[in-house]
Amino acid sequence: MSQATASPPATALNMSHRQILQALSGLLLGMFVAILSSTVVSNALPRIITDLGGGQSAYTWVITAALLATTATTPIWGKLADLTSKKALVQLALLIYVLGSVLAGAAQGTGELIACRVLQGVGAGGLTALAQVIMATIIAPRERGRYSGYLGAVMAVGTIGGPLVGGVIVDTSWLGWRWCFYVGVPFAVAALVVLQKTLRLPVVKRKAQIDWWGATMITAAVSVLLIWVSLAGDQFAWASWATVAMVGGALLLGALAIRIETRAAEPMIPPHLFRSRTITLATVASIAVGIGMFGASVFLGQYFQLSRGESPTMAGLMTLPMILGLVVSSTLTGRVISRTGRWKRFLVVGSALLTAGFALLGTLRADTNFALLSCYMALVGIGLGMTMQNLVLAVQNTVSPRELGAASSVVAFFRSLGGAVGVSALGAVLAHKVTGYLADGFARLGVPATGTGGALPDLHTLPAPIRTIVENAYGHGAGDIFLAAAPFTLLALIAVSFIKEVPLRRHNDEMPNVDTERKLAVATATRTDEQR
């Protein structure tokens, strides 16, 4: 019999509410650091890219590089969590994040900055995956909704509040944009100390057989796809040999990854998980939620600065309706779910609100009334709060304790993948649309449109007529990309509508009450592990 079956699975611990909050304090702080690393630069990016001499492509890749690294490493961290000490892993992830942050703050060019953001993303991937896994280890599913609300609130503050923090840092003369990368370091160090003192977890170790080939193929497939999305329409035409080569290469690498995963002893993303309808549909919905979560925070900050001429600080303050909507909805729905054990209604309503919010943001222009815009942002925030954490909760409720790491990381992986692809694709669409709108505006003004697609403009240095054209172009382009994102959130609504609701279990050691096929898959996987 394997070591895995010789040791009891980690289950929810008998802890009071106060003890759980103490144990989660460092974890929540680490999660805040992970989310902050992806969003704090959003409102600062126009200033950063201008100072470093980059363009729209560099603007997009500073965000996408971190998201890509987070996406690619999340399954690895999740698998390691099932094999070794979760506490040691989360501390390692924090140390990697600190190193990446320090190096990013000292970057002297966009290429160097993007490389450092990759290192940051590796650490953030660990924090994102392990936070969900550790929470599932110490808290039973029925109670997890309550604490997921806290985690959702922290993610909300980090996701939407990060741009506000970044804006204040950029507008503070004695700090400067480099502190957007340094600001997370004290939080990470504090999280390390708190985790060491408060987090006590049962350690269930098994012989580690990491599927490095599978991880490599998954990372390569996603990377090629993102590079194609960000360069097509700019460096080469959408319909070109380069597109055929890159898309074909991504599909080939993806096929190889699937083949490797089906044969691996310890696959990064266990294929049998997708025999569960809940996990498959939650995965589809997570991609759309990732697009909404990251797309809204990244491009709204750019819209407020380049379309309305606001400072980075004001751009962050103007996203407060979305922050408040996300925090309130995440906290309240978590409490209701813990009390009732029912979660599907919130996924359906949240996805509907998210779809409506993005469709309304599709009407965005440079002169859109801010009161209306606030309502649109609030809808998006409320929708994210109802869906983001509850998708993870639904998936965790369908798996056995030994698979919590892999299953949780699947949702986090595809949410990050949605964010990475979404930011990259929407950034490419925005660059294309803005170039067209600038050319049209300059043509009406009788000014040559040369150089309109280069570096991001500094509005304060432009003459009034040119500035108006630039503001209108970025305003109209922002509306176009939010409208382009709306069908994806509609897909999420359709997916969650077909999820079969299973009431949350009161104890982790209960076998999931799911369909016969899923039970058979779990039993088969367990027998296979025992045979190994």
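These legends walk through several close-up views of one predicted protein model.

Residues are numbered from 1 along each chain as its sequence is written, and side-chain values use heavy atoms, with hydrogens and water left out. Because the model is predicted, local features need pLDDT of at least 70 and side-chain atom pairs count only at pLDDT 80 or more, while totals for chains, interfaces and linings use all residues.

View 1. Helices (H or I, at least four residues) and strands (E, at least two) are DSSP runs, numbered from the N terminus. Of the 532 residues in the protein chain, 61% are buried. Here buried means under 20% relative accessible area, exposed means over 50%, and partly exposed lies in between (1.4 Å probe, protein chains only). Among contacts in the chain with a separation of 6 or more, 85% join residues 24 or more positions apart; contact means heavy atoms within 4.5 Å.

View 2. Rings of Phe, Tyr and Trp (its six-membered ring) pair if their centres lie within 6.5 Å; planes under 30 degrees apart count as stacked, over 60 as edge-to-face and the rest as tilted. Phe-274 is partly exposed at 28% relative accessible area, while Phe-414 is buried at 15%. A search of the whole structure finds seven aromatic pairs, and Tyr-303, Phe-304 and Phe-370 form one aromatic cluster.

**View 3. The largest cavity holds about 80 Å³ of space.** On a 1 Å grid over the protein atoms alone, a cavity is a set of points where a 1.4 Å probe fits but cannot get out, and lining residues have an atom within 4 Å of a point. Grid points are joined across faces, edges and corners, and a volume is the space filled by probe spheres set on the points. The count comes to two cavities of 30 Å³ or more. Which residues lie nearest the centre of the largest one? They are Ile-35, Thr-70, Thr-128, Phe-294 and Ser-416, out of 10 lining residues. Helices α2 (17-39), α6 (110-138), α12 and α17 each give two or more residues to this lining, and the largest share, three residues, comes from α2.

**View 4. The second largest cavity has about 40 Å³ of space.** Its lining consists of Phe-299, Gln-302, Tyr-303, Leu-430, Tyr-474, Ala-478 and Ile-481. At least two of the lining residues come from each of α12 and α18 (464-497).

**View 5. Thr-278 is a buried residue of helix α12.** Its relative accessibility is 8%. Leaving aside neighbours within four places in sequence, Thr-278 is in contact with Ala-394, Thr-398, Ile-499 and Lys-500.

**View 6. Two cysteines, Cys-116 and Cys-180, are buried.** Cys-116 has a relative accessible area of 10%, and Cys-180 has a relative accessibility of 3%. How many disulfides does the structure hold? The structure holds zero, where a disulfide is a pair of cysteine sulfur atoms within 2.5 Å.

Technical notes:
On a 1 Å grid over the protein atoms alone, a cavity is a set of points where a 1.4 Å probe fits but cannot get out, and a pocket is an open set with protein on both sides within 12 Å along at least five of seven lines; lining residues have an atom within 4 Å of a point.
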